[in-house]
Amino acid sequence: MDKRIHFFSQKSGISPQIPPELLGIRGRQANEFAELGFPILPGFILDTTIASELGSVDIKKDLKTLLEACSPIVRKSYGDPENPMLLKIVVSPNLVVSNYPVLHNFGLVKPAAAGFARWVGEAFAAHEVLFLVRGMLRLEERIRELEGRTREQEKIALQLKELEPLIHRECPARNAESCMDEYAGFFPDGFFESPGEQLFIALEKISKLLSMDDQNDRDTALMIQPMVYGNYGKDSCSGGFFSRNVITGEKKLQGEFHREQFNEAGEGGQNIQKIDPPYLKELEHIARTLEDRFKEIRQIRFTIENKKLWLIEQRPVDQKSAQADMRLLLDLAERKVVDKTYVVKAMEPLRLNEILHPVIDPAGIKGRKKWSGGIAGSPGAAIGRAYFSTEGLLEARRLAKQKGEDPRCILVAPASFTGDVKAIEVSDGVLTAEGGYSAHASVVARQYGKVSLVAPAMKIRGKKAALGDLAFSEGEYITLNVPCYGEPSVYWGAAQLIEPRPAESGLFDLIALSKGFLKEFHVRANAETPRDVLLARSFGAEGIGLCRTEHMFLKADRINLFRDLILSGSETERKKILNKLRVMQRNDFYGIFKIMAGKEVAVRLLDAPLHEFMPHTQDELTGYLAYAEKNKKQKVSRGEILERIEALDEFNPMLGHRGCRIAVSYPEIYAMQIRAVFDAAYKIREEKTTVYPEIMVPLVMNASELKLIAYGKKIQGDSYQGIVETEEALREEKKVTPLPYKIGTMIELPAAALGAADIAKYGGFFSFGTNDLTQTTLGLSRDDCTGFMPDYTRFDLITGNPFSILDPRVKELIILGVERGRLTRPDLVCGLCGEHGAHPENIRFCMDAGLDYVSCSPYSVPIALLAAAQAEIEKAESGAGGE
């Protein structure tokens, strides 16, 4: 026996001494079945060292011996006229991508045609002859192409074109022998007469092709196996299944089988769970064994021929959910097949987005009109009626709930602003035309776990929008599909969704495993509503890293009150309004502190410029005028409001009158918020609950600003009451003992990073606000740069999206800020706050840079925890984390 030919069967695998690459991919897969003792069809492999040289070696005796070894196993014989064993030749390259023809049904010659037809029927037998002919003609076509014999190649191509329709339908007017007579002229003499000659001819042809083909560098093998048929008698069937449900991860075979059909292609299959119990039990054992061996979900094809089960192939599964993979890994860990480290390392952090957001049910989008493209702002899928303004959406949603109708809505707008936050919060998704991943709509959507898609191609005219050929009007249903990977789409109408079920997915188990690897580094959440804070805690957040107080003023029962504050010309009236707002804020903070008992809560004082709270549209203006007329003694004119809006308007509001600058001009606003924080904190403490408030001052550019707001200042004829003095006064008023709290700042300007040593004198913590720090460092507007960023990418002027992956210069400022800050205050707590904090690459940087935590949206917390755990494991394995 030639040592380059290797036999395998259920009882004997190929020697482990044979290098696996000699067998090719398909050969290795078959041998894996054999090594596991599975019911694999016997066969043999002409390895890569001989497969391309069959024209110069004589292996006829070896083939005869090997075929005789296969016969008793499959209970057929090659060349038997009554029950012929037919063969397939499988090209087994080491490259995944190949374009070699499928070669089946060798041994189907005239002497065996009638016997084969008695088992499968005349029509099917004729079909299999045509299938054999097609494979051989494709082989000949490729050879002629490589030889440069264009005319002969074109002749064969024409014949193949005529043959193709016959392959896809039964041939009742033909029998196998008539098909052989029709195509015999294309092949050497004896091709349809002798099974031995037919096999030798085919092997020499495919070997010749391999020797000529540039894509084969003597790294392609040939595998020969008997064929079995799911229609070979009444006790036969064929099928295919996944080792578990590829959507839910349920530990239950998922697939179909087809009684008395050659293979599982086509319709009319039955659920694999309905197959005869003995077969189901064996298939389940095979599935579990394969999962344990490969540690992944596998796809298996099988055939039962005359009551005998045969496995045809097994391979990895490409299309499967993150939940399915996660449940498999957790199952393997529970049974000690893998350890906790393996589970954490095996999951791709960003894939957790699939588990945290709805996905489209593929069955519900067939035939729907759609548009594809755009920029993914926040992943997931959403269905709802389209509304083109915040007011329109809120009113439509209110009426729908009142009438018991479907309240799902999607906000559609050119762009979103602060006033649209309340609409995004209650909507199912947001579709905008301007910006990109870091646009306002995208950031807010991620914060609230909503779906966001930016479609620059969208044209909005009045109450209608168009995306290419897809057009829709206000009130009509649309479906957004924004996958984590792949191209986003918008569908007309309402499709079907598969809703996320974190508790059933195994996500909480993975979170617990991930947190077990974290030492000092931790993950906090950006949240300011009880719902989001509760969600963040359930997802493993160790505190709140950013509570954006401006979002609290945008609620429907507060926005007009805050507008009153801005428009008020009387100090007495402002005090009354501030007292009302203080009670509201106190209740907000109380709820957050209670949920986050025992953990830090960083409250960022008002950051947004005041003009963002003013009416932006005619509808908003009309609504506020109606409110003012109803609730205020004196009437406010439209002109007065427009005049005030114009006065507040700024050319560059991002760098204008916002953040701590508001506190300098309007100290009463921050004073109200600070009192509300400590009111809530002392109330919580009375209930025997531990609270750790942190007060964050935004947009500081130098130490003097933070010193003023933290400790106050007295000047001739005037004074400024700082946070410390405000807390002391409130404590004295309440007659209570001090509670621990911190004052800190958000580092979001290069000047603040450079001046960190001085700023740290007055702050106990730094939170690097990387959204704004990126904008101010690079001079890029996150809302406007998407218009020209493709051009920059085309000429390699910038790598990646700096609002997703931290730019090296921003990283340098963070490192510098941490180092300089800790030179002044060694115990300075440093964190990163923003959407950058959810990306695995950024998290590893934060850990290496000495930050204590990252803070991101509640829905991103599990992603950040997993990424941090993986970074800890990587450091430990590389020795970087050892002593």
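A search of the whole structure turns up 0 disulfides, a disulfide being a pair of cysteine sulfur atoms within 2.5 Å. Cys830 accordingly sits in no disulfide, and the nearest cysteine sulfur, that of Cys846, lies 11 Å off. The model is a predicted one, in which local features need pLDDT of at least 70 and side-chain atom pairs count only at pLDDT 80 or more, while totals for chains, interfaces and linings use all residues. Residues are numbered from 1 along each chain as its sequence is written, and side-chain values use heavy atoms, with hydrogens and water left out.

Now for the overall build. The protein has 33 helices and 33 strands; these are DSSP runs numbered from the N terminus, with helices being H or I of at least four residues and strands being E of at least two. Along the principal axes, the C-alpha atoms fill a box of roughly 115 × 65 × 55 Å. Of the 883 residues in the protein, 54% are buried. Contact here means heavy atoms within 4.5 Å. Taking contacts between residues at least 6 apart in sequence, 71% of them join residues at least 24 apart.

Leu199 gives a local view of such packing. This residue lies in helix α7 (residues 195–212) and is buried, given its relative accessibility of 1%. Setting aside neighbours within four places in sequence, Leu199 touches Leu63, Leu67, Tyr78, Leu87 and Ile89. With Leu63, the gap is 136 residues in sequence and 9.4 Å in space, C-alpha to C-alpha. Ala114 is another story. Found in helix α3 (residues 110–120), Ala114 is classed as partly exposed because its relative accessibility is 37%. Ala114 and Ser243 are 129 residues apart along the chain, and their C-alpha atoms are separated by 39 Å.

Helix α19 (residues 559–567) has 8 of its 9 residues buried, so the rest of the structure largely encloses it. The buried set in α19 is made up of Ile559, Asn560, Leu561, Phe562, Arg563, Asp564, Leu565 and Ile566. Packed against these buried residues are α20 (571–595), α21 (618–631), α22 (638–648) and α24 (667–686).

Two helix pairs were looked at for their packing geometry. Axes are lines fitted to C-alpha atoms, for helices over the stretch in contact, and angles run from 0 to 180 degrees between N-to-C directions. Helix α4 (residues 122–147) and helix α5 (residues 150–167) have axes that come within 9 Å and cross at roughly 155°. That makes α4 roughly antiparallel to α5 (angles under 35 degrees count as roughly parallel, over 145 as roughly antiparallel, 65 to 115 as roughly perpendicular, and the rest as oblique). The α4 and α5 crossing is left-handed, meaning that the near helix is turned anticlockwise from the far one by less than a right angle, with clockwise giving right-handed. On the α4 side, the residues in contact include Leu130, Phe131, Val133 and Leu137, and those they meet in α5 include Ile156, Leu160, Leu163 and Ile167. By class, this contact of α4 with α5 has 10 nonpolar, 3 polar and 8 charged residues, where Ala, Val, Leu, Ile, Met, Phe, Trp, Tyr, Cys and Pro count as nonpolar, Asp, Glu, Lys and Arg as charged, and the others, Gly among them, as polar.

In the second pair, helix α32 (residues 840–848) and helix α33 (residues 861–878) pack at an angle of about 55°, their axes 9 Å apart. That makes α32 oblique to α33, and the crossing is right-handed. Pro840, Ile843, Arg844, Met847 and Asp848 of α32 meet Ala864, Ala867, Ala868, Ala871, Glu872, Glu874 and Lys875 of α33. The class count for α32 with α33 comes to 7 nonpolar, no polar and 5 charged residues.

Lys735 has a phi near 55°, a positive value in a residue other than glycine, and sits in the loop between α26 (723–734) and β30 (742–747). Lys735 is exposed, with a relative accessible area of 66%. For Asp796, phi is also positive and near 55°, again in a residue other than glycine. The loop holding Asp796 runs between α30 (789–794) and α31 (808–824), and Asp796 is exposed at a relative accessible area of 69%.

Definitions and conventions
Buried means under 20% relative accessible area, exposed over 50%, partly exposed in between (1.4 Å probe, protein chains only).
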